[in-house]
Amino acid sequence: MIGNSPARRRTLLAAAAGLVVAPWAAGTAHAAVPKVYLDPGHGGTDSGAVGNGLTEKALTLAIALQTRDILKASWNVDVRMSRTSDVTRSLTYRTDDANAWGATIFVSIHINAGGGTGFESYRYPGTTGNTAALHSAVHSRVLSGMRSVGSVTDRGLKTANFHVLRETAMPAVLTENLFIDTVADANLLKNAAFITATARGHANGIVSYLGL
Ligand SMILES: [Zn+2]
């Protein structure tokens, strides 16, 4: 874990001196505590994709809960989640909740299906700037986290007109963490160390983007 490394202390001192402002905080008078919104896909009556004895809704919740715990253990961030248990949440609930809370960033976590293999991630079409920076930071850290445990294909950074990317009022990214209906991918998703590495990758990407 990174913790309070010398580099982090230097960053904090510089920020306190007004020398460094993270991109997301540009224009604000003081460095506020960033508000990270985590959105585990599906839940409750919506299982999401299923395959190889796995359900998407359980995997997304496991990854999101661990991402939250890693963030809270090591960084000064506020974390809110669209759900912390197996309950049904509409897409509108998720984006309304994040917008009302005033989230700094929105990270939606999903598992893919359809017979492919590997990791891919999405932002809204045409977005640049902070959204593209968040996308790049999360994509690269998640991929390297996954690859610390197993062999994972990089399917790339993509764009899509998804509700949670379109209706969020802050930089938003959606990750598709392997294919539940592909045996090799499912075997990684059944590995607790892989789930933890995937969560750590999300946390690392988030704190990298936030400049923490
Ligand atoms: Zn999904």
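Biologist: Where is asparagine 52 found in this model?

Modeller: Asparagine 52 sits in the loop between E2 and strand E3 (54–55). Keep in mind that this is a predicted model.

Biologist: What should I look for in the phi of asparagine 52?

Modeller: Start with the general idea: most residues other than glycine have a negative phi. Asparagine 52 is not a glycine, yet its phi is positive, at about 55°.

Biologist: And is asparagine 52 buried, partly exposed or exposed?

Modeller: You read that from relative accessibility: buried means under 20%, and exposed means over 50%. Asparagine 52 has 35%, so it counts as partly exposed.

Biologist: Which phi does histidine 42 have?

Modeller: Histidine 42 has a positive phi too, of about 65°, although it is not a glycine. You'll find histidine 42 in the loop between E1 and E2. Its relative accessibility is 17%, so histidine 42 counts as buried.

Biologist: Now the metal. Which residues coordinate the zinc ion?

Modeller: To read a metal site, go through the donor atoms one by one. Here they are NE2 of His42, OE of Glu56 and ND1 of His110, at 2.0 to 2.2 Å from the zinc ion.

Biologist: How are those donor residues spaced in sequence?

Modeller: The spacing is H-x13-E-x53-H. The two histidines link distant parts of the chain, 68 residues apart: histidine 42 is in the loop between strand E1 (35–40) and strand E2 (50–51), while histidine 110 is in strand E5 (residues 105–112). Both histidine 42 and histidine 110 are buried.

Biologist: Which residues make the contact?

Modeller: From H4 they include Ala133, Leu134, Ala137 and Val138, and from H7 they include Phe194, Ala197, Gly201 and Ile206. By class, the contact of H4 with H7 has 10 nonpolar, eight polar and one charged residues.

Methods:
Residues numbered from 1 in each chain as written. Predicted model: local features only at pLDDT ≥ 70, side-chain atom pairs only at ≥ 80, totals over all residues. Heavy atoms only, no water. Donors = N, O, S within 2.8 Å, 3.2 Å for Na, K, Ca; no water. Helix = DSSP H or I, 4+ residues; strand = E, 2+ residues; numbered from the N terminus. Buried < 20%, exposed > 50% of the residue type's maximum accessible area, 1.4 Å probe, protein only. Contact = heavy atoms within 4.5 Å. Nonpolar A, V, L, I, M, F, W, Y, C, P; charged D, E, K, R; others polar.
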